[in-house]
Amino acid sequence: MITSDPGPIVQRILLGAELRDAREAAGLSSADAGKALGWYSGKLSKVEQGDLQVSEKDLAKIVRIYGIPESAAPELRRLATESRRKLPPARVPEHSVKYVNLERAATELKVFNLDCVPGIVQTAHYARALLERSVTASATDVDRMAEDRAKRLEWMKSEGAPRLWLVLSEEALHREIGGPEVMRAQLAELRALGKLPHVCVQVVPFDAGAHSSHGVAFTILTLLAGRPGIVYVEGLTASDYLGREHVRTYNLAFDSLRANALSEQRTVEKINRRIRELS
């Protein structure tokens, strides 16, 4: 569940969404609004995507140019003020910092992964085996990053965790990251997670054939009811946060993946078979 203080990054995204709605209601294109505001090319896009803070001076200019009613201005000012707060640094790659904070504020997560178990549900040993082979993680940070991932796993088991829909390609069960013992422990955690009322774990088997997201792992985060979600796609050195125009497509892909996947019960059976194979 989202708390009464969702954090500055989430507040920034909510503010950006409100400003985008206000601009569209005013009948202004991004180019026309940016020109009227006197902003450099790309600044408005960053503000609307929640990637850039908004100063009091800039917000006042937006309110005037967009013709936002004065009754709505105080809430925008509050969001802008909250979004300028600072958070302690996260021990993740720089391009993933925003994601980790969004993850903690989400009410629902839909995760699809291809060849490994995703970071949010990794054990410390499994995470360490992955991070040790990373070309972007510093060797001095590996242990701390692995422990942080393990803490995310523990958080996902807690009462306040978001609803989690996790779909994995069967390859994730067979790639022996960290060796048989580490894999057994990781698969046992997946099995335990799937028994929790707020978690659904499914596997797309090899024999299901083609599916809707070959080569593309992704996460759909829902922050607040009634607001479009955000799609997160991560690469080795950068990540993308895709907005409302992409969310419908990724939700359709995720629904298709779930339809192609084994049921929760058959997924548990497949995980159990794989654990026995590793014994």
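**Entry 1: α7 against α8.** I started with helix α7 (residues 124-131) and helix α8 (residues 142-156), whose axes come within 8 Å and cross at roughly 140°. That angle makes α7 oblique to α8; oblique is what is left after under 35 degrees (roughly parallel), over 145 (roughly antiparallel) and 65 to 115 (roughly perpendicular). For the axes, I note that lines are fitted to C-alpha atoms, for helices over the stretch in contact, with angles from 0 to 180 degrees between N-to-C directions. Helices here are DSSP runs of H or I, at least four residues, numbered from the N terminus.

This is a predicted model, where local features need pLDDT of at least 70 and side-chain atom pairs 80 or more, while totals for chains, interfaces and linings use all residues. Numbering runs from 1 along each chain as its sequence is written, and side-chain values use heavy atoms, without hydrogens and water.

The crossing of α7 past α8 is right-handed, i.e. the near helix is turned clockwise from the far one by less than a right angle. I then listed who touches whom (heavy atoms within 4.5 Å): Ala124, Ala127, Arg128 and Leu131 on α7 meet Val142, Asp143, Met145, Ala146, Glu147, Arg149 and Ala150 on α8. By class, this contact has seven nonpolar, four charged and no polar residues; Asp, Glu, Lys and Arg count as charged, and Ala, Val, Leu, Ile, Met, Phe, Trp, Tyr, Cys and Pro as nonpolar, with the others polar.

**Entry 2: α1 against α5.** Helix α1 (residues 8-25) packs on helix α5 (residues 73-83) at about 145°, axes 8 Å apart. On the α1 side I find Pro8, Gln11, Arg12, Leu14, Leu15, Glu18 and Leu19, facing Leu76, Arg78, Leu79, Ala80, Glu82 and Ser83 of α5. I get seven nonpolar, two polar and four charged residues in this contact. α1 passes α5 in a left-handed crossing.

**Entry 3: cores.** Which residues touch the most other members of the largest nonpolar core? Of its 43 residues, they are Leu102, Val121, Leu164, Leu166, Leu187, Leu190 and Leu223. A core here is a set of buried Ala, Val, Leu, Ile, Met, Phe, Trp, Tyr and Cys residues joined through side-chain atoms within 4.5 Å. A second, separate core has 18 residues, including Leu15, Leu37, Leu59 and Ile68.

**Entry 4: Glu103.** Leaving out residues up to four places away in sequence, Glu103 touches Leu109, Ile120, Arg152, Trp155, Pro162 and Leu221.

How values were computed:
Helix = DSSP H or I, 4+ residues; strand = E, 2+ residues; numbered from the N terminus. Buried < 20%, exposed > 50% of the residue type's maximum accessible area, 1.4 Å probe, protein only.
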